[in-house]
2 protein chains.
Amino acid sequence: MAPGTPFNLQQTHAHLRASAVGDRITFHRTDPLDFLSSATDAVYDVAVLAHCIWYFAKPSIVVDTLKALSVRAKRICIAEYALVASSPSAFPHVLAALAHASLECRKTEGKNNICTALTPKRIKEMATEAGLVLVEEGVLNAPAKMLDGQWEVSSVLGKVFEEELSVVKDEGERSVVEALRYATRASKEALAQTGVKVTTMDVWHGVFVTTTQPR
Amino acid sequence: MAPGTPFNLQQTHAHLRASAVGDRITFHRTDPLDFLSSATDAVYDVAVLAHCIWYFAKPSIVVDTLKALSVRAKRICIAEYALVASSPSAFPHVLAALAHASLECRKTEGKNNICTALTPKRIKEMATEAGLVLVEEGVLNAPAKMLDGQWEVSSVLGKVFEEELSVVKDEGERSVVEALRYATRASKEALAQTGVKVTTMDVWHGVFVTTTQPR
């Protein structure tokens with residue numbers, strides 16, 4: 001979905017600060033790699049990457065980030081969409097995520113959405129490359145209150161996505177992005193005819209430990 | 001699917017020649033545009049493009065072909081996959097078709113599979129551009145005996161597809177093709193867990209007439 005919708009960063013921070021653990025949170029608005037390579041010697045019990053992997057600009061930056069974390073955190077917990085819809089009502093979300101990734105990967109700048117749609121398989125390969133060991137993983141059904149499926153689909157079917165199609169110069173490549181967008185709309189409309197709303201796809205989660213002791 | 005599977009062109013021609021109308025069929029193994037621009041003055045009652053649109057190398061060649069047909073055929077009938085799965089069992093087929101198109105569109109030569117995955121919407125726009133008028137259209141469920149869904153999924157999950165991934169040089173773009181392949185596999189496995197086999201997606205069909213009389 002577009003940045004700042006349905007809640008912007010400021011609203012999200014305010015919400016978290018008002019929570020029971022709000023006074024124990026410090027926000028750092030900086031590039032993760034810059035932050036992790038800064039001079040601090042802090043070692044963390046746990047690093048959590050919750051639904052953020054897909055927003056890294058390139059797969060290689062994910063590997064670099066996991067490498068940087070491997071010497072700073074004892075455990076690394078990752079949650080990301082599984083690209084699986086255990087209910088047909090989440091098919092449109094799978095297609096919308098792939099549509100977004102297919103458009104964003106062509107942008108050379110101004111990336112503001114799903115950039116990579118990395119699969120659980122690839123994330124685990126990257127973690128291995130970063131020297132991490134998987135100790136636990138699973139797939140969860142998204143809770144009904146998690147509306148990301150609807151937001152993602154609306155975003156793909158919206159005006160901004162349509163306008164941005166022009167960044168894909170090759171007619172063959174553009175037709176694939178258009179086909180993903182069309183399939184997203186068609187699957188949403190097929191559901192609507194049976195009175196079913198779009199839901200959110202399954203979530204994969206993995207827990208990793210470092211093979212070397214954090215410094 | 002790969003060319004020549006499950007039946008090659010020779011086998012297919014032999015099958016058609018052995019049918020009741022076999023002696024009324026002439027096969028021309030040539031480029032459609034070359035054939036249509038040849039010196040013959042033949043005018044056809046009907047031109048049928050049955051599940052071939054997706055195999056044209058580029059969208060613009062489809063437009064050129066429709067333009068060439070518009071002065072040679074009175075009616076043009078097109079059938080192509082609708083990119084819609086009215087049954088969840090056809091969802092892997094939708095993903096597999098998009099996976100194939102996302103890979104083939106990056107090839108500069110040796111294209112041998114779905115190249116464009118043009119949507120019914122785009123095909124209709126192209127027909128309009130070619131001076132054709134839509135007089136009838138619809139969407140059909142694929143018959144149970146039509147095994148294209150299973151073939152397409154098998155092809156995407158096969159070795160050849162995996163090897164050809166290397167044609168996509170950019171790591172971000174390659175991750176999208178990998179994600180489409182992963183989602184194809186995951187949706188097939190999710191079905192298999194409930195004892196359901198992959199079926200074939202819905203088919204769109206349209207009948208067009210020429211706005212000008214064929215010459």
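So, handedness: where helix 3 of chain A crosses helix 5 of chain A, the crossing is right-handed, meaning the near helix is turned clockwise from the far one by less than a right angle. Helices here are DSSP runs of H or I with at least four residues, strands are runs of E with at least two, and both are numbered from the N terminus.

Before I go on, this is a predicted model, where local features need pLDDT of at least 70, side-chain atom pairs count only at pLDDT 80 or more, and totals for chains, interfaces and linings use all residues. Residues are numbered from 1 along each chain as its sequence is written, chains are lettered from A and ligands numbered from 1 in the order in which they are written, and side-chain values use heavy atoms, with hydrogens and water left out.

Back to our pair. The axes of helix 3 (residues 59-70) and helix 5 (residues 120-129) of chain A come within 8 Å and cross at roughly 45 degrees. That makes helix 3 of chain A oblique to helix 5 of chain A; under 35 degrees would be roughly parallel, over 145 roughly antiparallel, 65 to 115 roughly perpendicular, and the rest is oblique. The axes are lines fitted to C-alpha atoms, for helices over the stretch in contact, and angles run from 0 to 180 degrees between N-to-C directions.

Who touches whom? On helix 3 of chain A you'll find P59(A), V62(A), V63(A), L66(A) and K67(A), and they meet M126(A), A127(A) and E129(A) of helix 5 of chain A, with contact meaning heavy atoms within 4.5 Å.

Helix 5 of chain A also lies across strands 2 (73-81), 3 and 4 of chain A, at about 10 degrees to strand 4 of chain A.

Now the sheet. Chain A has an open sheet of 4 strands in the order 1-2-4-3, with mixed pairing; two strands pair if DSSP finds at least two bridges between them. Strand 1 (44-50) and strand 3 (132-140) of chain A stand at the edges with a single partner strand each, so one side of each has no neighbour in the sheet. Strand 3 of chain A runs antiparallel to strand 4 (residues 203-210) of chain A, joined by 8 bridges. One to look up: L134(A) has F208(A) as its bridge partner in strand 4 of chain A.
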